[in-house]
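Please open the model in your viewer and keep the selection tool at hand. The tour moves from one selection to the next and says what to look for at each stop.

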Amino acid sequence: MKKKLAIQMDAVESLNPHTDTTMLLGREALQRGYEVYYYLPKDLTFLNGDITAKARKITFHKDPDNYYTAGKWQTFNLRDVDVVLMRQDPPFNMEYITATHLLEMLQPDVLVVNDPFHVRNAPEKLFMFQFPEFIAPTLITRNADAIENFLSEHKDIVLKPLYGYAGQSVFHVKQGDSNFHALLETFFGNSGEPIIAQRFIPEIKTMDKRIIVIDGKVTAIYGRVPAKGDIRANMRVGGTSIKIAWSKRDILIGETIGKELVKRGILLAGIDVIGDYLTEINVTCPTGLIKSNELYNLKQESLLWDAIEKRLRKRA
């Protein structure tokens, strides 16, 4: 009997076939003989102890102009699959949190990657506080006075939403900036969540770095150069990927965090570093495998599936 993989992801039509890590992982699963299905988070259903999803059988192709073939929608029980990949993008909102609770109910019968319990407890910008030796001065609050005092102390800071992603709503603010209070009003008006303030790390003007960690091990480190006039280096906002020398500090950060990740069932993570400082640990939907594969002639999707299948054999 063929093994089955279900991927919880965003609409397949919205993917970028040139850079999408989820498609890369799906193609590797197909090569290993899995039947692959995909479904949207909104189509998860719990009833009488069963977790079902309205899903489509899918094949991913390398041709960017014809990158998938999908069958008809059907409802099936997720307990009948071997592996679920939780791969929808943040935001880390109540829909996302609910999905982690539902997928957690599948265990231990079904292997969910990354482990939904630990994904829920490791939001990108909060999990890094487990490693205070690596982070720059950082504040989390909705208190305007606290943010103003933080700006007065550090003179030059970055403001961003605590649960944002892909460089959305990231602002560089210096002491005396006439837009400072208007920015706070915008943040507080758009959401009831806290915001994060961080001492500005000047190296971001040149580059930030993404460290890929698979099964607790550093498999790639590459640079992301921001577009001219921007401080955000994310690919979605025009950043460019480059090959770099791996510093001892970057390797130390990746290996230290990797040891903790593997304990938590986080098999794939993307760690963001600016200069010598850890800024985020991405465990919800880590990306960057295609770019780093190209830069270093790697096949990291195979490393991840080796780790997944090692765990499947232990369960057998």
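Begin by selecting Lys155, which sits in the loop between helix H5 (144-154) and S10; helices (H or I, at least four residues) and strands (E, at least two) are DSSP runs, numbered from the N terminus. This is a predicted model, in which local features need pLDDT of at least 70 and side-chain atom pairs count only at pLDDT 80 or more, while totals for chains, interfaces and linings use all residues. Residues are numbered from 1 along each chain as its sequence is written, and side-chain values use heavy atoms, with hydrogens and water left out.

Although Lys155 is not a glycine, its phi is positive, at about 70°. Lys155 is partly exposed, with a relative accessible area of 44%; here buried means under 20% relative accessible area, exposed over 50%, and partly exposed in between (1.4 Å probe, protein chains only).

**The sheet beside this loop**

Select Lys174 next, which belongs to strand S11 (residues 171-174) and is partly exposed at a relative accessible area of 46%. Leaving aside residues up to four places away in sequence, Lys174 touches Leu151, Lys155 and Asp156, where contact means heavy atoms within 4.5 Å. The C-alpha atoms of Lys174 and His154 are separated by 8.8 Å, and the two residues are 20 apart along the chain.

Now show the open sheet of 4 strands, whose order is S9-S12-S10-S11 with antiparallel pairing; two strands pair if DSSP finds at least two bridges between them. Strand S9 (138-141) and S11 stand at the edges with a single partner strand each, so one side of each is left without a neighbour in the sheet. From one strand to the next the twist averages 25°, with axes taken as lines fitted to C-alpha atoms, for helices over the stretch in contact, and angles running from 0 to 180 degrees between N-to-C directions. Strand S10 (residues 156-161) and S11 run antiparallel and are joined by 4 bridges, and the bridge partner of Ile157 in S11 is Val173. Helix H6 (residues 180-190) packs on this sheet, touching S10, S11 and strand S12 (195-199), and its direction makes about 20° with that of S10.

**The sheet of five strands**

Move on to the open sheet of 5 strands, which has the order S15-S14-S13-S16-S17 and antiparallel pairing. Its edge strands are strand S15 (240-243) and strand S17 (277-282), each of which pairs on one side only.

Within this sheet, colour strand S13 (residues 208-214) and strand S16 (residues 268-274), which pair in the antiparallel sense over 6 bridges. Val213 stands opposite Ala269 in S16, and Ile212 stands opposite Gly270 in S16. How many residues of S16 are buried? The count is 7 of its 7 residues. Leu268, Gly270, Asp272 and Ile274 point one way from S16, whereas Ala269, Ile271 and Val273 point the other way. In a regular strand the side chains alternate between the two faces of the sheet.

S16 also runs antiparallel to S17, to which it is joined by 5 bridges. The hairpin of S16 and S17 has 2 residues between the strands, and in it Gly275 takes a positive phi near 60°.

In the loop between H8 and H9 select Asn297, which has a positive phi of about 55° although it is not a glycine, and which counts as exposed at 73% relative accessibility.

**Two cis peptide bonds**

Select Gln107 and Pro108, which are joined by a cis peptide bond with omega of about 10°; Pro108 lies in the loop between helix H2 (94-104) and strand S8 (111-113). A cis peptide bond also joins Val113 and Asn114, with omega of about -10°, and Asn114 is found in the loop between S8 and helix H3 (116-120). Most residues other than glycine have a negative phi, and most peptide bonds are trans.
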